[in-house]
Amino acid sequence: MTDADTPEPGSAKPSGTDSDVAASAADGRPRLPTPLLYLTVLIIATSGLVYELLAGTLASYVLGDSVLQFSTTIGAYLFAMGIGSYLSRFVGNDVARRFLEVELAAALAGGLSAPLLFLGFAYADFFSVLLYGTIGLVGILVGLEVPLLMRILREHLAFEELVARVLTFDYIGALVGSLLFAIVLVPTLGLNRTALLFGMLNAAVAFGGTFILAPLLRRRERTRLRLGALLIGGVLLAGFAQADAITDYAEEGLYSEPVVFSQQTPYQRIVVTGGQTGVQLFLNGNLQFAQHDEYRYHEALVHPAFAAAQEPSRVLVLGGGDGLALREIWKHPGVESATLVDLDPAMTEMASRLPPLVALNAQAFEDPRLTVVHEDALVWLDEESRGPFDVIVVDFPDPNNFSLGKLYTRRFYRLVRGALADGGTLVVQSTSPLYARQSFWCVDRTMREAGLHTHPYHATVPSFGEWGFVLAQKTPFDPPSRLTTAGLRFLDDRTLERMFEFPPDMARVAVEPNRLNDQRLVRYYEAEWSRLAP
């Protein structure tokens, strides 16, 4: 045996089998510091869950269809972990060294997963292969970790104690990871930096493991593993420092115009682009408006409700944090007050400070008649009696996930109905009656189930195609035929009347209402829009 192969003085002699480790323990040689190994279990469990959540979140961000993406990515990840656990049985020799090598591989694959997937979606033609390949690789590596570590620990604990302690720390780590991911990591670091940070943690575990498991490693192995951990940690640290540049480069490939603003908030990723076609707003990769035709959407959203309402003076806007619906509301001089409820303070902050948006919404947030509330609209309405409001404008993103779908349920519309004044009017943006016909009529059916009387209508918005809205009051009413404000770019009295007429390909279809416990609307929406995906 050469000097490079000689264990440190006082350490156990390394060998290729677990029986040798047992023998070394029986010989009274230095035992492993099991508390540090439990800490290792905690860290790798936290990292494993974060990688799992990163895959599901990133897939839903870039591909939409959040229920499908989360269920398939998490299912594939857990399946890959099972494969990793099974493969651990074939690791027969040098378990400690293999464990640390797996840690280094997990550090590299997991740490680079989010940046590579963002870049792959922007520039590669085979994103699904890249996505599930990355999920499979990371899942297999994570699945290998705990079984190998349990084999290292089994000479120090009785079997029942070993399983109880390791699984306890494993589950605690899962809880820590899930809470950190939603509350701290994504809001403050974003997806790329979160992945890179936990890759560095895995590299740190591998580096520290060379000391913790030193009795089970040859000197040459320790040196090689430490150098590998430092190298991988350095690469990930460099990526962490340049994460914004990586994100910017990826987003340049995702959007046709230059990105002028981007921010990851606790609720969504906000991106604003600007170029020859003007300002565009994207939330989680989905277009919310384009400057060249947004006036069509917002005029159609706001002014029919005012035309149908009796003496509208108090207005409530749910959603609409970009301020463009407010811009149209302020065109009615009879408005005495407006309350805007938007969950994300970053959205209203951006819309009131970012120059291109401030110009587009005509400084809508500076009007002294406005009150802004940052709260979940359903919770805010349910907290206490609200209103009465003469006009309520509901301008939420489309119901492409259950968090948004709850804002289109019968329960929600009953709360809105309770805040509506007698003779007041409610309007809801309701996706496309042409491309998502069942979804559109599901919104109408749900509002009627909540005790509202409705008149659906539609308008053409080139960026989105044919778009739908539903007008409602607490008692039967006729659809409006005359506007109460003049000088609009899109709407006039003739256009207003025609919007309430539906051709055969957009006519009413039989659908189920959207209830909080089943959210059929989300399923309608995902099925219909997925058919249009390229």
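Which residues make a nonpolar surface patch of about 570 Å²? I started there. Ile172, Leu175, Val176, Leu179, Leu180, Ile183 and Val184 make the patch. A patch takes residues with over 30% relative accessible area and no salt bridge; like charges are joined within 9 Å, and nonpolar side chains (Val, Leu, Ile, Met, Phe, Trp, Tyr) within 5 Å. Areas come from the Shrake-Rupley method with a 1.4 Å probe, and for residues only the protein chains shown count as cover.

**Ground rules**

I noted that this is a predicted model, where local features need pLDDT of at least 70, side-chain atom pairs count only at pLDDT 80 or more, and totals for chains, interfaces and linings use all residues. Residues are numbered from 1 along each chain as its sequence is written, and side-chain values use heavy atoms, with hydrogens and water left out.

**Entry: Val184**

I picked Val184 from the patch. Val184 sits in helix α6, residues 159-212. Helices (H or I, at least four residues) and strands (E, at least two) are DSSP runs, numbered from the N terminus. Val184 is partly exposed because its relative accessibility is 37%. The classes are buried under 20% relative accessible area, exposed over 50%, and partly exposed in between (1.4 Å probe, protein chains only).

**Entry: the cores**

Next I looked inside. A nonpolar core is a set of buried Ala, Val, Leu, Ile, Met, Phe, Trp, Tyr and Cys residues joined through side-chain atoms within 4.5 Å. The largest one has 65 residues, and Leu149, Ile152, Leu191 and Leu213 touch the most other members. Helices α2 (34-63), α4 (95-123), α5 (127-153), α6, α7 (219-241) and α8 (243-254) each supply at least two residues of this core. Helix α6 gives the most, 14 residues.

I then listed what Leu191 touches, with contact meaning heavy atoms within 4.5 Å. Neighbours within four places in sequence aside, Leu191 is in contact with Leu54, Thr57, Leu58, Tyr61, Ala114, Phe118, Phe181 and Val186. Apart from this core lies another, of 54 residues; Met347, Leu354, Ala459 and Phe477 are among them.

**Entry: salt bridges**

Side chains of opposite charge can pair when their charged atoms come close. I counted a salt bridge when a side-chain nitrogen of Lys or Arg is within 4 Å of a carboxyl oxygen of Asp or Glu. The whole structure holds 24 of them.

Glu101 pairs with Arg98, with the closest N and O atoms 3.5 Å apart. The two are separated by about one helical turn, because they are three residues apart in helix α4. Glu101 is partly exposed at 22% relative accessible area. Arg98 is partly exposed too, at 37%. I also found both in a network of salt bridges that links Asp94, Arg97, Arg98, Glu101, Arg218, Glu221 and Arg224.

**Entry: Glu328**

Is Glu328 buried or exposed? Glu328 counts as buried, because its relative accessibility is 1%. Glu328 lies in helix α10, residues 324-329. Its salt bridge partner is Arg327, with the closest N and O atoms 2.9 Å apart. Arg327 is buried as well, at 12%. Leaving out residues up to four places away in sequence, Glu328 touches His298, Glu299, Val302, His303 and Leu488.

**Entry: Lys406**

Asp376 and Lys406 meet through their side chains in a salt bridge, 2.7 Å from N to O. Asp376 is in the loop between β7 (370-373) and α13 (377-383), and Lys406 is in the loop between α14 (402-405) and α15 (410-419), so the pair ties together parts 30 residues apart in sequence. Asp376 is buried at 16% relative accessible area. Lys406 is partly exposed at 24%.

I checked what else surrounds Lys406. Not counting residues up to four places away in sequence, Lys406 touches Asp376, Leu378, Phe412, Leu516 and Gln519. Lys406 and Asp518 are 112 residues apart in sequence, yet 9.8 Å apart in space, C-alpha to C-alpha.

Last, I looked up strands. Two strands pair if DSSP finds at least two bridges between them. How many bridges join β10 to β11? Nine bridges join β10 (residues 453-461) to β11 (residues 465-473), and the strands run antiparallel. They form a hairpin with three residues between them. His455 has Leu471 in β11 as its bridge partner.

Strands β1 (residues 259-264) and β2 (residues 269-273) are also antiparallel, joined by five bridges. Their hairpin has four residues between the strands. Val259 has Thr273 in β2 as its bridge partner.
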